[in-house]
Amino acid sequence: MAKSTKKETVDKKNAPKTETLKSWRPNKQQRFVLGCLLVLFSIALLVAFISFYVNGQWQTDQSAVSELGDRSEVVQNWLGKFGAFLADLIVYRGFGLASFVLVRLFFLTGLFLALEMSTKRLKSIWFWDLFAIIIVSVLFGFFATSAPELGGTIGYELNLFLQDYIGKTGTLLTLLFGLIIYLIFKIKLSPEKIQSYFDSTKKEFKSELGSLKPQQAESAYNLEEFAIEEDPQLDNIHLKSDVTQFEINKEALKPTINHSSEIDLNPVVKPLQMDIKPATVAPVVHTEEFVIEKAEEEDIIEENLASRLVADFGLFDPTLDLSNYKFPTIDLLKEYSTGGITINQEELEENKNKIVDTLRNYKIEIAQIKATVGPSVTLYEIVPEAGIRISKIKSLEDDIALSLSALGIRIIAPIPGKGTIGIEVPNKNPTMVSMKSVIGSAKFQEAEMELPIALGKTISNETFVVDLAKMPHLLMAGATGQGKSVGLNAVLTSLLYKKHPAEVKFVLVDPKKVELTLFNKIERHYLAKLPDTDDAIITDNAKVVNTLNSLCVEMDNRYSLLKDAMVRNIKEYNEKFRARKLNPEAGHRFLPYIILVVDEFADLIMTAGKEVEIPIARLAQLARAIGIHLIIATQRPSVNVITGLIKANFPARIAFRVTSKIDSRTILDTQGADQLIGRGDLLYTNGNDVVRVQCAFIDTPEVEKITDFIGSQKAYATAYLLPEFVGEETGINLDMDISERDTLFREAAEIIVNAQQGSASLLQRKLKLGYNRAGRLIDQLEAAGIVGPFEGSKARSVNISDLSALDQFFNNEQN
């Protein structure tokens, strides 16, 4: 039984390698070498082609081309016999003078590969240059029939082919039409440019007639109007390395024992085999991305212009504002251990015997047992003999813990997806899981997730990575000192290593005032805050309510943008914005993910109560689609803190060690968190199975190094500003003078009455105003009696039914 299990393990290890070979792509070094080869080949072609035409060498070398194998043959080409062969093949037998365009194509292709540039622009260049090669070749074949070296064999034969079917006139018209297509679509020649050229020529002609001095005729073309922009992408190239290469000693990551052991029990008739399955750590994979600064953006007027803009400028890149931003390097993190697991053979043998003896005392025989060693816990999987009730084994949890003298064991009966019963026993010498080993793992580096979070390692020593965007919100609970704050730091660090400042923003709430203060250094990179506030990290509970309500306003504004864009979620919206299908002048913008982190939720509930619970519940219910995600931590998982309204909208939960089974049921809806061993030992659930994970440890000095590294780089002018929230008690005098009304008061009133919805966000969209001015207009409309008072999250009522009644209202005011 053990041998087959070992064989299956080997097959699983070899399977990813086969898949990797099938999906092979050239890496950075291979692309650079290939690019350099193409650049040098283009130079060789240029030398061969020029030599072909110099001093009529094509005539002298043509006879020697067929005798390339004869070393005594002498050629005049500067590139020798190989150059003579290339020139004869590509120029004489190919496209003639138009073959020089191929030099440019190979040179640009090599440059794009060597510099890791986007290949989307390269496809357009290849298409139009090949189009130009054919047109120019046939043109030379049409006009220079006596000089075949100008148009090449292909151009000459294509010209004769066309003339046989459509004659000389038809051939000439076809070539002119092809030239017009190239001028319009490639050189961007337009009737407006032609008209402006003739207007300028006419003015110059009149000025020359007015002057008596004869002057030499100027150039017939206005170079400014007919300038050909061949390669705007080569003007400004900025390279940005998103992730620095990670190097980890692979040998140090291997466990000390790499074999399985078979253990025979003498008292049992059947030998019990225990497979020890240490997990291996995959090698580190690094990724690098390069961003090319695009040309100046044009105004998008209609939806059908998007494809043309993408072809000209490429996809919109929100990271260009910080194009030189560098992601933190892995050497900022500390390696606390060798990264492997030391398997204590004596401890495994002793625990196995105690488990078997304890179960035998209660007349429970075991058919098979095997062990999987994790960083802090070992999982013993047992298969009982036929006829044994699972509930009988589960009821012996305390007896097994007593016999093992363990801090606390956890019985999984049965293990989901397996026909076995699991007994998790803490190791006497647990191994610390460092954040460096988790961040550097291939599973995290290759994770194709929107918001990847590396929590730690599972009981089988595999890196545990989850996607916050799919949770979509996370609830963390645990007693004091069990690892909640370290877990929050692990979450934030994971996102800092994977997401650019333009892609994610954090709203940090820290009632303790000391846990998240280190992140102040990255305020202008990653943090979001309310306008007119000094600190981005919120430590005053009185400001939390305004911040939460401001996020609700941001949520409503984003849903309006999604509605106008006719998309369902933030991912589709940003993809549409990147493709330049949304007009920024209509209020559309790239939407970064916003992550709200609350370090101690119980303290907020005690001080603010419903004022905090209601916006939290509203965000949890609706904010998933528009990219606002919540991470809430508390050390008191009681029902008056984690209410049913909160729990219903937080399917993803993390439980560190708690003091009672009641607290475990409150956070996980099942027991088990009270049996954890502490120091980062956690249970994770997302509504399905419960997974035991050893949280990665990251110390305060490591976080400080990361924030210093990010904070020392160029940042935005300010932190990401949330919309200002105007509360119910604004202190504004509603008895406003008519003369003090905003100039847009009547227009705003017409919009509100026409929509029958009184909200500041509506005025923002329709009148393109800031939130402060829109809020003042709402207050003035309330003072005038057009809209009703503030009603929390609901829109204000409108007291005037239609526009005719509104006109009557203004007439009465004037009288």
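The paragraphs below take up a sheet, then a helix lying across it, and then a pair of helices.

This is a predicted model, in which local features need pLDDT of at least 70 and side-chain atom pairs count only at pLDDT 80 or more, while totals for chains, interfaces and linings use all residues. Residues are numbered from 1 along each chain as its sequence is written, and side-chain values use heavy atoms, with hydrogens and water left out.

Nine strands form an open sheet in the order E6-E5-E14-E13-E12-E7-E11-E10-E8, with mixed pairing; strands (E, at least two residues) and helices (H or I, at least four residues) are DSSP runs numbered from the N terminus, and two strands pair if DSSP finds at least two bridges between them. Strand E6 (463–467) and strand E8 (504–509) stand at the edges with a single partner strand each, so one side of each lacks a neighbour in the sheet. On average, neighbouring strands of this sheet are turned by 30° against each other, direction ignored, where axes are lines fitted to C-alpha atoms, for helices over the stretch in contact, and angles run from 0 to 180 degrees between N-to-C directions.

E8 runs parallel to strand E10 (residues 593–598), to which six bridges join it, and Leu-508 stands opposite Val-597 in E10.

Helix H22 (residues 661–668) lies across strands E7 (474–477), E12 (652–655) and E13 (681–685), running at about 155° to E12.

Elsewhere, the axes of helix H24 (residues 745–755) and helix H26 (residues 771–784) come within 10 Å and cross at roughly 80°. H24 and H26 are therefore roughly perpendicular to each other, a term for angles of 65 to 115 degrees. Their contact (heavy atoms within 4.5 Å) involves Phe-745, Ala-748, Ala-749 and Ile-752 of H24 together with Leu-777, Ile-778, Gln-780, Leu-781 and Ala-784 of H26.

Note on methods:
Angles under 35 degrees count as roughly parallel, over 145 as roughly antiparallel, 65 to 115 as roughly perpendicular and the rest as oblique.
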